[in-house]
Amino acid sequence: MTIINDDNDRHQNRCEKMEVNDNNLRSQYTIGSNDFILVDEVGERPKKNVKEKFHEFSSCLNSNSKTVFTYKTITKRLPILQWWPTYSTADCIGDLLAGITVGLTLIPQSMAYSALAGLPPQQGLYGSFVGSLMYVFLGTCKEVPMGPTAIISLMTYNTLHGLGPVYGTLLCFLTGVIQLIMGVVGLGFLIDFISGPVNSGFTSAVAILIVASQIKDLIGVKAAGTTLLDMIISISKDIKNFQLGDTWLGIICIVIILLLRRMALCQIGPKDVKEQTTFHKIMNRSMWLIGTFRNSIVVIVSSYVGYVYITSTGHDVTSDAIPPIPFKVVGKIPSGLPEFDLPKFSITQDNGTTVGFFEMVSNIGSGVIVLPIIALIETISICKTFADGKPVDATQELLATGLCNIGNSFFHAYPGTGSFSRSAVTAASGVRTPMEGLYAGILVIVALLFCTPYLYYIPKAALAAIIIAAVIFMVEVRVVRPIYRSKKSDLIPGLATFFACLVLPLEIGVLIGIGLNLVSILYHAARPKLLIEVHKTRDGINYLMVTPDRCLVFPSVDYVRNLVMKQSLKRELPVVIDCSHIYGADFTAAKVIEMLTQDFSKRGQALFFYNLKPSVVAVFEGVQPKGFITYYHRHDLDQLFQRWKQQRQQIENSSAD
């Protein structure tokens with residue numbers, strides 16, 4: 001029950017005198033606010049008939065529909081409407097330069113990542129222009145360039161298991177649909193369950209797996225596998241076909257890429273741009289451009305080497321035969337843009353049997369669920385990196401990424417998302433708005449229309465070198481020391497995710513990391529911190545003040561009860577539970593509180609609840625506990641102890657008689 005004073009007016013006057021006469025005394029004897037109680041929480045709600053409920057639902061639906069079609073909502077879901085009215089010539093020039101720079105990076109990367117996904121090189125190019133064009137209208141972050149990425153490509157490879165381009169296009173469509181549904185129903189919060197250490201462990205493991213997967217092209221052998229051990233075993237089986245030409249070419253390309261990358265970071269002259277001369281600015285800009293175009297430079301030069309070798313042998317490039325040269329090349333790529341077509345929801349195999357939609361989804365497996373979430377994490381991470389402290393709209397990014405993947409699937413692409421490496425290039429290129437995606441997409445279209453005959457001569461070792469040089473910096477060794485200094489236990493899910501992703505399929509490794517995070521959260525929920533202090537009333541009575549730091553729910557209530565019982569028996573003092581931090585409880589907590597009050601009542605030991613919220617009181621009183629006493633003013637505690645002492649005295653006197 002809640003304590004009600006017999007002389008309520010007298011105590012009210014007494015409290016008023018304390019407020020007027022002595023503010024310090026008031027702060028000493030009053031804990032918490034006296035006006036936090038929301039009486040309407042425990043009040044009975046008026047019952048409504050079916051007609052009233054239907055009218056309320058109709059009003060709510062009408063109000064929501066009006067909200068959806070307001071100008072504010074439309075501009076939020078079409079961000080281009082926010083910046084297009086102020087788009088200037090300077091913005092156009094900045095976006096054009098950034099788009100060309102990113103496009104020249106995107107073309108070789110998309111072909112390399114497509115090979116990483118186990119798909120034809122042109123399929124990477126197909127996924128590099130539609131998404132970029134759509135993101136111009138839907139995206140919120142100007143630095144996000146849509147297209148194939150290393151992580152998503154590896155996950156696509158692990159998900160498809162060599163099923164082929166048709167399944168890759170279906171996976172792209174399903175990824176977009178799932179992301180779109182998540183955005184519509186507001187499931188962007190799911191990325192909050194992937195902590196920083198888990199994300200770092202996953203990214204580092206993926207980087208190592210990507211490097212391992214490219215070893216085959218770097219040494220000219222055939223290999224496959226979804227885990228690190230599978231890749232090593234597969235490479236060892238075909239190591240007899242090792243080609244020295246691929247190795248030398250790949251190593252040279254890696255060295256050149258790393259040197260050019262270093263060149264892009266170098267500067268001559270004073271560090272302050274204002275103090276630099278025109279010569280310094282021109283040289284610094286030139287070195288940055290050369291370093292930024294390093295992938296394109298390597299592809300162009302190595303392609304020329306391949307062209308010289310192939311023409312010297314007189315090989316017919318229109319045939320399907322492998323050129324007799326010391327290294328492998330990409331080979332024939334269909335010219336022109338892909339046809340607009342819906343993804344195949346059923347296929348007919350060579351033996352005449354038809355594989356239906358659900359069987360195709362079953363063949364793809366659980367990756368169809370994990371891959372969209374990982375793709376979202378990449379995009380959101382980029383947005384947060386370049387947000388400059390501004391909030392990131394995860395829902396809009398889900399909608400944008402989902403629609404971009406759906407659009408890509410109509411042009412025979414595989415899943416894509418924002419790229420970390422290309423985002424850095426975009427930002428450094430002076431991008432102004434998401435319009436740079438238009439120029440980058442146009443450049444890819446031009447390459448598909450006019451440059452595909454020349455893509456034949458690109459060495460596979462050069463594409464492998466581009467991937468390796470890009471992902472080796474994704475191994476996040478630097479975060480281990482800060483995590484260790486900050487909170488050592490956070491290394492457990494991070495390291496577990498890292499090793500699990502190396503030895504198990506990626507989706508299982510991510511789920512293990514998320515599971516360990518959830519276990520940590522549940523453990524802290526089940527083990528709240530309790531502050532236990534011995535206090536003394538104004539009448540000189542010692543009592544034990546127990547203060548839980550969070551809500552009482554079924555995982556934690558038994559733990560709290562055992563500690564309260566242990567301390568009360570050990571010190572043999574009355575107990576007051578300070579409930580100021582308890583904002584919720586459930587039925588299990590109510591039953592345990594009922595048992596706790598019974599135990600204290602049997603021993604004749606006082607147990608009071610201080611500052612308990614009315615909503616929680618309603619939960620506890622639902623089981624009708626005996627001896628359940630709450631109070632809200634510190635001066636009420638003296639009266640409670642006086643009554644308790646009188647009751648004990650009466651019991652002792654009756655026992656003596």
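**Helix packing and aromatic pairs in the predicted model**

The buried residues of helix α26 pack against β5 (530-536), β6 (542-548), β7 and α27, where contact means heavy atoms within 4.5 Å. The structure is a predicted model, in which local features need pLDDT of at least 70 and side-chain atom pairs count only at pLDDT 80 or more, whereas totals for chains, interfaces and linings use all residues. Residues are numbered from 1 along each chain as its sequence is written, and side-chain values use heavy atoms, with hydrogens and water left out.

The protein chain has 29 helices and 9 strands; these elements are DSSP runs numbered from the N terminus, helices being H or I of at least four residues and strands E of at least two. Of its 657 residues, 47% count as buried, where buried means under 20% relative accessible area, exposed over 50% and partly exposed in between, for a 1.4 Å probe and protein chains only. Among contacts with a separation of 6 or more in the protein chain, 77% come from residues 24 or more positions apart.

The buried residues of α26 are V557, V560, R561, V564, M565, Q567 and S568. The 15 residues of this helix should span 21 Å at 1.5 Å a residue, and its end C-alpha atoms are 21 Å apart, in agreement; the expected span is 1.5 Å times one less than the number of residues. Just after α26, E572 takes a positive phi of about 55°.

Helix α27 (residues 587-603) has 17 residues and reaches 25 Å from its first C-alpha to its last, close to the expected 24 Å. Within α27, the residues A589, A590, V592, I593, E594, L596, T597, D599 and F600 are buried. Their cover includes α26 (557-571), β7 (575-578), β8 (607-610) and α28 (614-621). G604, whose phi is positive and near 70°, follows α27.

Two packed helices are described by the angle between their axes and the distance between the axes. For α13 (residues 244-265) and α15 (residues 294-313), the axes come within 9 Å and cross at roughly 150°; axes are lines fitted to C-alpha atoms, for helices over the stretch in contact, and angles run from 0 to 180 degrees between N-to-C directions. At this contact, C253, I256, I257, L260 and R261 in α13 meet R294, N295, I297 and V298 in α15.

Aromatic pairs number 20 in total, counted for rings of Phe, Tyr and Trp (its six-membered ring) with centres within 6.5 Å; planes under 30 degrees apart are stacked, over 60 edge-to-face and the rest tilted. One of these pairs is Y309 with F327, edge-to-face at 5.5 Å centre to centre and 80° between the planes. This pair links distant parts of the chain, with Y309 in helix α15 and F327 in the loop between α15 and β2 (347-348), 18 residues apart. Y309 is partly exposed, with a relative accessible area of 38%, while F327 counts as buried at 6% relative accessibility.

The ring centres of F641 and W644 lie 6.1 Å apart with planes at 70°, so this pair is edge-to-face. F641 and W644 both lie in helix α29 (residues 636-656), 3 residues apart, about one turn of the helix, and both are buried. An aromatic cluster is formed by F129, F173, F340, F345, F357, F358, F410 and F411.
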